[in-house]
Amino acid sequence: MKTKIRFFCNFAYQVAQRIMKSAIDHNPIALQEHKPLTLGKSSKLRHRTLVEGVFADGKGVYEFPLRVVWRALTTEELDSAFRDHRPDRIGKVQMLITVPKKKRRHAVDRVLVRRRIRESFRLCRRELEEALEKGHPDIRTLSMAIIYQSNENLPYGTIEKAMARSLTKIMRRL
């Protein structure tokens, strides 16, 4: 019985290898274009000077239930924002999420909404990054603060649509 299972596993592995090889032969670019959709530390807006600059000098976009305040910085502006030197890991697109306690009283609700916003941003940001690379190579970083404005926990689909529309508006205004 064990030899039959081993034979079947080896056979399945060989078939999978052949399929992958033929897929690569027919479309080698498909594997090169794949980028991970993870949100790393460089995607988080966490430096005080950048956060203060977003709220002081940023432009705003509103798409219910989200308000997005954003600011585009060139390399020179980014270098001048820090006294000594520019820190490492400042990504092309950075974001900060805030869910006011006045809108969502319970911490459980704030965390739920924050997760939904983070997930929708994670899935929608690729288009924004590509637009920045192609249309605006002078922009070093795009910092944005996403503020939740609703008094209710809205479903993920509503938040995702609002996020996509907000990022589209930002792309148009760059």
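**Close-up views of a predicted model**

**View 1. Isoleucine 147 is a buried residue of the predicted model.** Its relative accessible area is 13%. The cut-off for buried is under 20%, so isoleucine 147 counts as buried. The model shown here is predicted. Isoleucine 147 belongs to strand S4. Which residues touch isoleucine 147, leaving aside its neighbours within four places in sequence? The contacts are Phe55, Pro65, Leu66, Arg67, Val69, Thr98 and Pro100. For valine 69, the C-alpha atom is separated from that of isoleucine 147 by 8.1 Å. Along the chain, these two residues are 78 residues apart.

**View 2. Strand S4 is mostly covered.** Nine of the ten residues of S4 are buried. To S2 (residues 66-74), S4 (residues 139-148) is joined by nine bridges, and the two strands run antiparallel. Leucine 66 has tyrosine 148 of S4 as its bridge partner. Threonine 74 has isoleucine 139 of S4. To S3, S4 is joined by six bridges, and here the strands run parallel. In this pairing, methionine 95 stands opposite methionine 144 of S4.

**View 3. Four strands form an open sheet with mixed pairing.** In what order do the strands lie? The order is S1-S2-S4-S3. Strand S1 (59-63) and strand S3 (93-98) are the edge strands, each pairing on one side only. On average, and with direction ignored, neighbouring strands of this sheet are turned by 20 degrees against each other. Helix H3 (residues 48-57) lies across S1, S2, S3 and S4. H3 runs at about 110 degrees to S2.

**View 4. A hairpin joins S1 to S2 through two residues.** The two strands pair in the antiparallel sense, over five bridges. Glutamate 63 stands opposite leucine 66 in S2. Proline 65 sits in the loop between S1 and S2. Is the peptide bond from phenylalanine 64 to proline 65 cis or trans? The bond is cis, with omega near 5 degrees. Proline 65 is also one of the residues in contact with isoleucine 147.

**View 5. Helices H5 and H6 pack at an angle of about 25 degrees.** H5 covers residues 107-135 and H6 covers residues 156-173. Their axes are 9 Å apart. Angles under 35 degrees count as roughly parallel, so H5 and H6 are roughly parallel to each other. What is the hand of the crossing of H5 and H6? The crossing is right-handed. On the H5 side, the residues that meet H6 include Ile117, Phe121, Leu123, Cys124, Leu128 and Ala131. Among them are also Arg116, Glu119, Arg125 and Glu127. On the H6 side, the residues that meet H5 include Tyr156, Ile159, Met163, Ala164, Leu167, Ile170 and Met171.

**View 6. Serine 166 is buried in the model.** This residue lies in helix H6. Which residues are in contact with serine 166, leaving aside its neighbours within four places in sequence? They are Val61, Glu63 and Val68. The C-alpha atoms of serine 166 and tyrosine 62 are separated by 7.0 Å. Along the chain, serine 166 and tyrosine 62 are 104 residues apart.

**View 7. Alanine 81 is found in the loop between helix H4 (75-80) and S3.** Is alanine 81 buried, partly exposed or exposed? Alanine 81 is partly exposed, with a relative accessible area of 29%. The C-alpha atoms of alanine 81 and glycine 53 are separated by 8.6 Å. These two residues are 28 residues apart along the chain.

**View 8. The whole chain has six helices and four strands.** From the N terminus on, the elements run α-α-α-β-β-α-β-α-β-α. The chain has 174 residues, and 30% of them count as buried. The accessible surface comes to about 11,600 Å². Carbon and sulfur atoms hold 53% of that surface. Of the contacts with a separation of 6 or more, 81% come from residues 24 or more positions apart.

Key
Residues numbered from 1 in each chain as written. Predicted model: local features only at pLDDT ≥ 70, side-chain atom pairs only at ≥ 80, totals over all residues. Heavy atoms only, no water. Buried < 20%, exposed > 50% of the residue type's maximum accessible area, 1.4 Å probe, protein only. Contact = heavy atoms within 4.5 Å. Areas by Shrake-Rupley, 256 points an atom, 1.4 Å probe, with all protein chains shown as cover. Pairing = 2+ DSSP bridges. Axes fitted to C-alpha atoms, helices over the stretch in contact; angles between N-to-C directions. Parallel < 35°, antiparallel > 145°, perpendicular 65-115°, else oblique. Left-handed = near helix turned anticlockwise from the far one by under 90°.
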